[in-house]
Each structure stands twice: as structure tokens, then as C-alpha cells.
Amino acid sequence: MKHRLSLRSKDALTGFLFTLPALVGLGTFFVVPFGITLKMSLSESMGSSKFVGLKNYQDVLKSAAFKLAAKNTFKFFGVALPCILILSLLIALLLFRNLKKYDIFRTFFVFPLVLPVSSVVLFFQIVFSDLGVVNGVLEHLGMHAADWTGEQAFWVLLILYLWKNTGYNVVLFLAALNSVPPELYEAASLDGAGWWKKLTRITLPMIAPHTRFILVISIVNLFKSFREAYILFGDHPDQSIYMIQHFMNNNFINLNYIRLSVGAALVFLVIFALVGLLLGLRDKDEGGHE
Amino acid sequence: MTKSKKTGDIVTLIVLILMSIVVILPVLFMVTHSFMSGNELTASYGKILSSSKDDEDDTPIEIDAHLIPREPSLKGYWDVFLATPDYLGKFWLSLGLCAAITAGQTLLACLGGYGFAKFKYPGKNLLFALMVLLMMLPLQVTLVPNYIVLDKLNMIGSYSAIILPGICSAFGVFLLTQTFKSIPDSVLEAARLDGANQFKTLLLVVIPQAKAGIASLVILNFIDTWNMVEQPLVFLKDRLKYPLSIFLSQIKNADLSRAFVCGILAMLPVLLLFLHFKDALMTGIENSALKCGGLHDKIKENPQYHHGNRRRASRCLHGSVVCYPRADTAEGGDGPTHAVQLCPRAGVGRCAHRPAGGRAVREPLLLRRGGDGVPI
């Protein structure tokens, strides 16, 4: 008995030691300095560490720039997440009809993921500029040209996000579809269930856990679309796509560390809540299986 | 029935082809334009892309977008690859940075992933949750803490300021934890019984089994570092030290034919990596999601479930991911098994007996709404 116990604790120690290098690295570069950032967000200024409570937070939350950034970020989330989930699920369902035959298409859809945006930025400039291809086509069709680098930049960013990230989600959805036992569909067919019923009663519930993971990945990638926004529109873009990342970046350039740390803390809070929600849901689900 | 399926197939094929063209168009565009002469590019796109606004006279108002070069020229390639050393210098610099970060991160992720996936210790789940959280944090949040530490370590301005935080990434550990979890414990136990120590087990048993996951980490990581913009901007300060990813956006409007060729130069390494590791990448991406579906847990707990899934596994895209051979079912395939698939949320469950040596016999269907599946 005693022997077994010591074996187990030795095992635990080995496991801990294996994870230690990663933990130390993450600790030094992220966790500990993040603590410092939090402390800074509660201090009077960079120079004095006088505790001022939530005053900085009040200031930031009241500022027009932050309000605009938060509004636009949530708007982008609200539009982009449903778009990418539905689009990638649809493509996955199409590909799933015949995986072997359509394998080449899967490759095409994943390809933009690996492509540096800076290497195709010229294409997007040509397509979406005032005199660009899209406006040319619109005018040809007798419609008004739109300001794709200004007011309508939101949609350009959405298209870029979908272009880049749909493939990743398609692969994930295909894996999810693959894990649904085909017997269920056969059973449902015998029972006279139609295409829609099979989708809503079997496919969607069965892939729900995967969908949650895909949602997490989509959110992570959403934050990366700032890079595209930056490369295409610079650090002071049109108001419609001035997002939380622009807010952070511009405060970085202005060396306004207090506002920066407050922004970081607020974004962290929101993401913490999101992850908590998603992980909590997963635990509940797994409990349901037992 | 078959006729409607056939038209469905044709429609699907057309839709997929159209979508692929849209997706690939930017790349095609860049490739064909890299072979156009400077004059042709200026004549066609000068209005949009030219940085000099003075010579408005000789640039036409309309742009003229076309895919096929009218005056094919290799001048751009000559300029970028042979005439000026700057571009290739930046190219090798970027490649070096990527190699350093990717190698370091893969090593760290292998160790950490093994620890998280195959051991239990108090607080492990909490630490793992913390990692998932870190993984989700956008760069703009982590950039501030990073800067503070790098400043204290006196690294701002040097390449280690980019490499060290790059190596310590939560995503790598997360991905490899998920990958390693899918390797059954019995394989590890067998290795241990054969006298392998933990490092040997990791090196000779776990890593070879998880090749696809590791390859996908390598390529995803490489792409991420190859494309980085924010970290060099903030941490390097000296413009001469910037890697290709930023250098590119600075030169893009100077000389159009060079700019297009530089785009090609920037996509070349990731393109080659992608073509080479395509399958591994896809399998790795799939693998990162599989654990979440809970399939592996079911296989682990219930060998029959695994057995019933073998047919499905053989249908799987790239084999080895979904199922690993298990000693206890590999030769027990002839015995009668009683496989039950459950779908509790859908309220659909079905039951199939598999008599010895025969094919599965379909039982009457059990369809229950809101039930908790069929008891074994």
C-alpha cells in the first residue's frame, strides 16, 4: 500500500517536472508580468505606485475611444462568429458528401490560413480601393460605388477573416461529422426522417462539443484579424473598424501605459468570462454522459 | 432517387469549384502579376498603388485589372533575387527567427504536453485551464506584460526579445496535450514494462505516434512567426532589424514589380511547407478537436465501442488518428461483441449484436425521445 502511494507521488512529481519548463516560461513572460500590469492599472501613474482603486478603469470606460473600440469589437464578434460557423458547417456538409473525391477542395480552403496576408495585400488593395475592381463591377451594374477603405471597411475585414479562417473550421467540422456513427443516419432513414430532421436531430446535437471548440478557435482567430486590419488600413483606420486592438496599439505607441494596462485587464476579464462559460458548459455536458 | 443524387453531386461540385476559385484568386493574382513588367503594372494600377502623386499625368484614371501578363518580364525576379541583397537578407533573417522559435516551442510543447496529457498531479487541471486562457489572450494584451519583462531583462532591441516570448507559447502545449491524450495509456505502459524511462517513452513511443500533431504545430507556428508584425514593431525599435514581414509592408509601394515579387518571396516558404506537410497539418487540426468530441474517452472506457468504430475509422481521412490498435480488441475481433452507440441528447440510440464471425445484425430500432440512451 505504502509502496503504491509513493509510486503514485513519484509519478505526480515526474509529470510536474515535465510541465515545469513550459510553466516557468509562461510564468516569466505572461503570468507574473500580467500581475504587474494589473497592479499598474490600479496605480496613479507610471512613476508613483499610489493605489487609486478603480479610478483608471472609470476614466477608460468613459473615454470615447474605448467606447467606440468596444462597440466595434462586439459588433464584429456578433457578425463574424455566426457567419464563419454557418459558412464552414455548410462547406463541411458539402464536402462530407464524398470526402475522397472532394479532398482537393479541402486543401484549397485551408490554404489561405498559411498565407501571409502581407504577401497578398496588394491584391486586396487593388480589389477594394476607391477605383478598384469591386467598385468597377458595382458601377458597371449601375450601382453606387462604396468606400471600402472607409465606411465599409468593416465588410472588407469580415471577408478577409472568412477567407483566412473558414478552412480551419471546415477541417474541424469534417472531423466532427466523421465522428457521428453512420448507423444513426441509417436508423433515422429507416424511420423516415428527412434531410433537415437528420441535420437538426442527429448531426447538430452530436457535433455540439466540437462546435464549442470551433467557437473557441474562431474567437482566438478573430483577435488575430487585427493584423490584417493593420496591414490594410494602418493604425488609424475608419471609425467603423476602430477596435479594441487599435485602442491598445495606439496607447502603446503613445506610451500611455496606464490606459494600456486597464485595456489589457478589461479584455482579459471578457475573455476569462468567455472561456469560463465554454469550459463550464463542457463540464456540464460531460457530467450528462455518465 | 439516384437521379436527384446525381444532380445534387453536380451542383455540389460546381459550388465547390466556384468557392475554391474565389479562395485561391489572391494567390493566382500575385503569381501572374509577379511576371508583369514595371511599366505594365504602373499603367494598370498606378492610380491605386503608386506612392508618388506628382506624376499624375502619365498614370491613367481608370485601373485595368487583368490576370494574364501582356508584357511578360522577369525583371522583378532579377531585382529581388539577384540585383539587390536586401530582400534575400531579410528572407534569411526571418527564416532564422522562425526556425529558432519553432524549434524551441516544439521542444517545450512536447515536454509540457506529455506532462499534462499523461500524468496526474495536484493542481494540474487548474494550470491547464490557465494555459487555455493564456492561449486565448490576444497579442495586444500579452504584449504589455511581455514588454515589461523584456525591459527588465534588458532585451528590448535584440532578437531574443522576439524569440524568447515566442518560444513560451501556451498554444503549443495545448495542442500537443490534446494530441498526446489520444495515445492510449496501454501503449505507454507496454513501453514502461519494457524498461523504457520517461524520456525514452516520450522520445521513442509518444512522439513517433504523434507525428501528425507535432507537424501541425510546427507548420502553424512557423506561419505565425513568419507573419508576425506586432512583436518586431514594439520590441525591436531599430528599423534595420525588422524581419521580412514588416519590411514587406514598407517597400510595397516603391516599385510595383519588386513589390509583387516580394509577395511571392514571402509566400514561398509557407507554400512549400504547406505542400509538404498538407496531410499532417489537416490531421493535426482534426486531432486537436477530436478530444473535445469525447470519442477517445469512450474508446478508452469501452473497448467494444472502439471495435464498433473500426469500420468508421477505416473510412477516416488519414487513418491513424481516430483509432489506435488496442491489444485487447485486436485479436478479440471474432468474439461476439455488443456495441451500443448512444446519442443521449438526440434521444436516439441503437443496438447491434455482432455474432461470432458474422456481420452485424440489425436489431429493431430503438428511438426514444429525451431518454438517456439504451442501457448496455
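This is a short tour of a predicted model, with one selection at each stop.

**Stop 1: the domains of chain A**

Select residues 1-41 of chain A. The domain assignment calls this stretch domain 1. Now select residues 55-289 of chain A, which the assignment gives as domain 2. How far apart are the C-alpha centres of these two domains? They lie 33 Å apart. The two domains do touch: four residues of domain 1 are in contact with seven residues of domain 2. On the domain 1 side of that contact, two residues are nonpolar, two are polar and none is charged.

**Stop 2: a pair of helices in chain A**

Select residues 117-128 of chain A to show helix α5. The crossing of α5(A) past α10(A) is right-handed.

Next, show the side chains where the helices meet. From α5(A), pick A:V117, A:S118, A:V121 and A:F124. Their partners in α10(A) are A:R227, A:E228, A:I231 and A:L232. Sorted by class, this contact has five nonpolar residues, one polar residue and two charged residues.

**Stop 3: where chains A and B meet**

Colour chain A and chain B separately. The contact between them takes 94 residues from chain A and 89 residues from chain B. Which element gives the largest share of the chain A side? Select residues 2-41 of chain A: this is helix α1, and it supplies 19 residues. The chain A side as a whole divides into 65 nonpolar, 20 polar and nine charged residues.

**Stop 4: chain B as a whole**

Chain B has 18 helices and four strands. Its length is 376 residues, and 42% of them are buried. Now look at contacts in chain B with a separation of 6 or more: 70% of them join residues 24 or more positions apart.

**Stop 5: one asparagine in chain B**

Zoom in on B:N154. This residue sits in the loop between α6 (139-152) and α7 (160-167) of chain B. What is its phi? The phi of B:N154 is positive, about 60 degrees, although the residue is not a glycine. Is B:N154 buried or exposed? B:N154 counts as exposed, because it has 10 C-beta neighbours inside 10 Å, and the cut-off for exposed is 12 or fewer.

How values were computed: Residues are numbered from 1 along each chain as its sequence is written. Chains are lettered from A and ligands numbered from 1 in the order in which they are written. This is a predicted model: local features need pLDDT of at least 70, side-chain atom pairs count only at pLDDT 80 or more; totals for chains, interfaces and linings use all residues. Axes are lines fitted to C-alpha atoms, for helices over the stretch in contact, and angles run from 0 to 180 degrees between N-to-C directions. Helices (H or I, at least four residues) and strands (E, at least two) are DSSP runs, numbered from the N terminus. A crossing is left-handed if the near helix is turned anticlockwise from the far one by less than a right angle, and right-handed if clockwise. Ala, Val, Leu, Ile, Met, Phe, Trp, Tyr, Cys and Pro count as nonpolar, Asp, Glu, Lys and Arg as charged, and the others, Gly among them, as polar. Domain bounds come from an automatic or database domain assignment. A residue is buried if 20 or more other C-beta atoms lie within 10 Å of its own, exposed if 12 or fewer, and partly exposed in between; C-beta atoms are placed from the backbone.
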